Amino acid sequence: MSSYYDDLETRSVDARAASLAKALPEQIALARGLPGYAGALSDVDPARVADLAALARLPVLRKSALVSAQGAAAPFGGYAARPAHGFAHVFQSPGPIYEPGGAGHDWWRLGRFLHACGIGQGDIVQNCFGYHLTPAGMIFENGARAVGAAVLPAGTGQTELQARAARDLGVTAYAGTPDYLKLVLEKADTLGLELAITRAAVSGGALFPSLRDWYTDRGIACRQCYATADLGMIAYESAAMEGMISDERVIIEIVTPGTGNPVTPGEVGEVVVTTLNPDYPLIRFATGDLSAVLPGVSPCGRSNLRIRGWMGRADQTAKIKGMFVRPEQVAALVARHPEIDRARVIVSRDGEMDVMTVRLETLSGDPARYAGTIADVLKLKGAVELVKPGSLPRDGIVIEDQRVYD
């Protein structure tokens, strides 16, 4: 098996920039013609959106807006390039939110990840992701087909049957959530069954170091990818085990939560993804997840952008004194005053009362000048603390909830 899925993985910086300069305007032009983008992109010249700087000036699409759009224009809200009957599959995720799915070669792009896991022809993959309504099972099956592996569509549950099938069929690889494989292996131990699984491709949950070590001790190489129902694969681990490498058909940005503004490289922020899938061209789609860019190139030789993996949720909405405060409101507060570098809302308790403190990075020395804006934008009154620029943590948190409920 080749070390790389294709030549795209080892492109030079110049080759990537040239490819982006061609592919991005084409994708923007495609999206601009769809009803869902009628307002957001109507005044955009696609030819001028040929690099990351230009992309960063476009509006962010949030899942809440996608859900609302789907309510008004079912099932895909005007964001898909085909009608529902033009896709191989239509899925429903919690929300509910509907996603299209294709059956073409590596439509979800999971083949790249499975190849990096060492899975290919001659393997049988026990796919323990769900196949009903939600797309995870089909996403991984499509990827397995792309690398020539056979699939046992096992789904979830019935652990004893899963263990026996793995033994009887000679299953060599697992796909599923990080923790479910452990249950299958322990059940096999109880039944005295020897399994041949040596590789695991996981997603959909946290892969704790202790669990990865447990698999390693049993001779199983376990790697994870970052994928969503809307976008397909976003990033994946390689044998180097240093962060996650961006897929070749998405563009990853890290922005300040609640905004579309890119953070300083290395700083934690919200993951925003533009997919180059012409069937479902999501532009600057906010995942709600936090991560950060890793500097340099992976030791495995893959040259694309790397991120640190999942680092928490960017949706830090908090209910304070009966009112919801959202990251977008904090961003609007900063935008009202050019002299403010950034803000952080801290929620605590004083007895049985909620307390809101707003810390502002600014050289200004007059907290009172911001009280009116805070009340207007956040719809609440709170204490104002002014701190020097650079004082607030660069951890992606804009609403810090310190309340503890016994």
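I took two strands as paired if DSSP finds at least two bridges between them, and I took helices (H or I, at least four residues) and strands (E, at least two) as DSSP runs, numbered from the N terminus. The model is predicted, so I kept in mind that local features need pLDDT of at least 70, that side-chain atom pairs count only at pLDDT 80 or more, and that totals for chains, interfaces and linings use all residues. Residues are numbered from 1 along each chain as its sequence is written, and side-chain values use heavy atoms, with hydrogens and water left out.

Entry 1, the sheet. I looked up β9 (residues 232–236) and found it antiparallel to β10 (residues 244–246), the two being joined by two bridges, with A235 opposite S246 in β10. Both strands belong to an open, mixed sheet of nine strands, in the order β5-β4-β6-β7-β8-β9-β10-β15-β14. Because β5 (150–153) and β14 (293–294) are the edge strands and have a single partner each, one side of each lacks a neighbour in the sheet.

Counting as buried what has under 20% relative accessible area and as exposed what has over 50%, with partly exposed in between (1.4 Å probe, protein chains only), I found L66, A69 and Q70 buried in α3 (residues 63–72). They line one face of the helix, since their directions, taken from the helix axis to the C-beta atoms, fall within an arc of 100°. On the other side, S64, S68, G71 and A72 are exposed. The buried residues pack against β1 (61–62), β3 (97–101) and β13 (285–291), contact meaning heavy atoms within 4.5 Å.
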